[in-house]
Every structure is written in structure tokens, then in C-alpha cells.
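The tour goes to one residue, then out to the whole chain.

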Amino acid sequence: MDRYSLCHTESGLTLFDKTNEFKPLIIDFTQGESQYRHQRAQHEMLAKACGFTKKPSSVIDATTGLGRDSFIFESLGCEVTSIERNDILYQLLSDAIERLRQDRGLEISWQLIHADAIETIQSLSADNTPDVIYLDPMHPERKKSALVKKEMRILRDIVGPDLDAKQLFDAALSKAKKRVVIKLPLRADFINDQKPNIQFKGRSTRFDVYTK
Ligand SMILES: C[S@@+](CC[C@H](N)C(=O)[O-])C[C@H]1O[C@@H](n2cnc3c(N)ncnc32)[C@H](O)[C@@H]1O
């Protein structure tokens, strides 16, 4: 964390990189869908993979990160619980969700939890389990790292690889009511060598769907 500092600015809580390699990072959901419009195809694929195109339902986003996928779930009308264990990201997300609340001027039912998702999911009682558990763990760095977007590189630098993704997947599979969806690099191996029931493939990533 020595390299980074969190400061309140006029725009909201912002992460500064003291080496200036990365420009300041702020999470902002108030621009709504418009700022994400260029990724519409990817969003539609995520909605389909989670089974939310006809009917939004309850979802745990167990790997919230910068909250982009959680925000899509929220925009679709889902009951969203987002879990993030990294302290810096949790603070940035918490501030961004509060600004969204103020911007909309009404309550939103988006819940953010600062915890390890494996423990949180394992401790869910039967009447508290969501329909869908969504996972997007940090993958080991690709060779063409220069091509990875800056936002992703700073995220990678703060968080590092998620080495316990397999345990998280097991926990999710044991608790989700309807399905577990995991986002993976297009050519990655199946998680835990387990073949999914359905796959949705994009240009560089795919969603593996495990139905129950
Ligand atoms: C690749 S990022 C997710 C990006 C995210 N889908 C988005 O739309 O911005 C992975 C994130 O999941 C978090 N994470 C991974 N495993 C976790 C766990 N077991 N509990 C809580 N957070 C976890 C990491 O700290 C990291 O911020």
C-alpha cells in the first residue's frame, strides 16, 4: 500500500499511485449505463449466462473488484450482494455506491460486504442462499500483458492472483440455488477440471455456467 494512497477529492474517494505509472482511479457508477455502452455485447452475454434476461433474481458477486459486473446486475434489477476482501477496493466501492445512492436520491438494495467470500458463502443458511453466485477471479498474468487494460493492471497490482479460486468455486457450487457462473480467459482450463453445463464465448473471455 506504500505505493498507493487513498484521498477524498471533489469527485469522490480516489486512489493515487505515487509512482505516477497509473492515473488516479475512482469508481463511478453515476454515469450509468452510458459509460459502459461500448461493452454492451459483453453485458448481454453476462445477463444470459446468469439467466437474468427474462427475470432478474438474487445474486452474490463473490469477486466484486471494481464493481463493473455488480453494477450490471444492479442495472438489470437484481437483488445484489457484492463481496470484496481487498480493503482498498472495498473502500473505493463503498464510496462509489454511496455516491450512486445520493445521485439517485433513493434507496438502492445493493449490499456490499467486506469479507472473504469463501467464508461468507460457506456460512449461508439454507433460507439465505441466492439463486446465482457469480465469480470472476483474478487470473495469472497473460504473456501479452501490455495489452491488458490499465484499469486491469492496477487491479492486478493491488490484489495479486486469486490463488484460492478453486475453493471459492466449491463453496459457490455447494450453496447457489440455481447456478454458478464463472468468467474465465477464453482458453483457460475448466475450473477444478469440471465441465460446465453451458458456455458463452466472447473474443477474449468466456462464461462457464454450472446449473443445479
Ligand atoms: C478480476 S477482479 C473482479 C472484477 C470484477 N468482476 C469487476 O467487474 O470489476 C477479482 C476481485 O475479486 C476479489 N476476490 C477474489 N477472491 C475473493 C474472495 N474469496 N473473497 C472476496 N473477494 C475476492 C479480489 O480481491 C479482486 O478484487
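Select Arg 153: is this residue buried, partly exposed or exposed? Arg 153 is partly exposed, because its relative accessible area is 25% (buried is under 20%, exposed over 50%, partly exposed in between, with a 1.4 Å probe and protein chains only).

This is a predicted model, where local features need pLDDT of at least 70, side-chain atom pairs count only at pLDDT 80 or more, and totals for chains, interfaces and linings use all residues. Residues are numbered from 1 along each chain as its sequence is written, and side-chain values use heavy atoms, without hydrogens and water.

Next, colour by secondary structure. Arg 153 lies in helix H5, residues 150–159. The protein has six helices and nine strands (DSSP runs numbered from the N terminus: helices are H or I with at least four residues, strands are E with at least two).

Then select Thr 9. Thr 9 and Arg 153 are 144 residues apart along the chain, and their C-alpha atoms are separated by 23 Å.

Finally, zoom out. The C-alpha trace spans about 45 × 45 × 35 Å along its principal axes. Of the 212 residues in the protein, 48% are buried.
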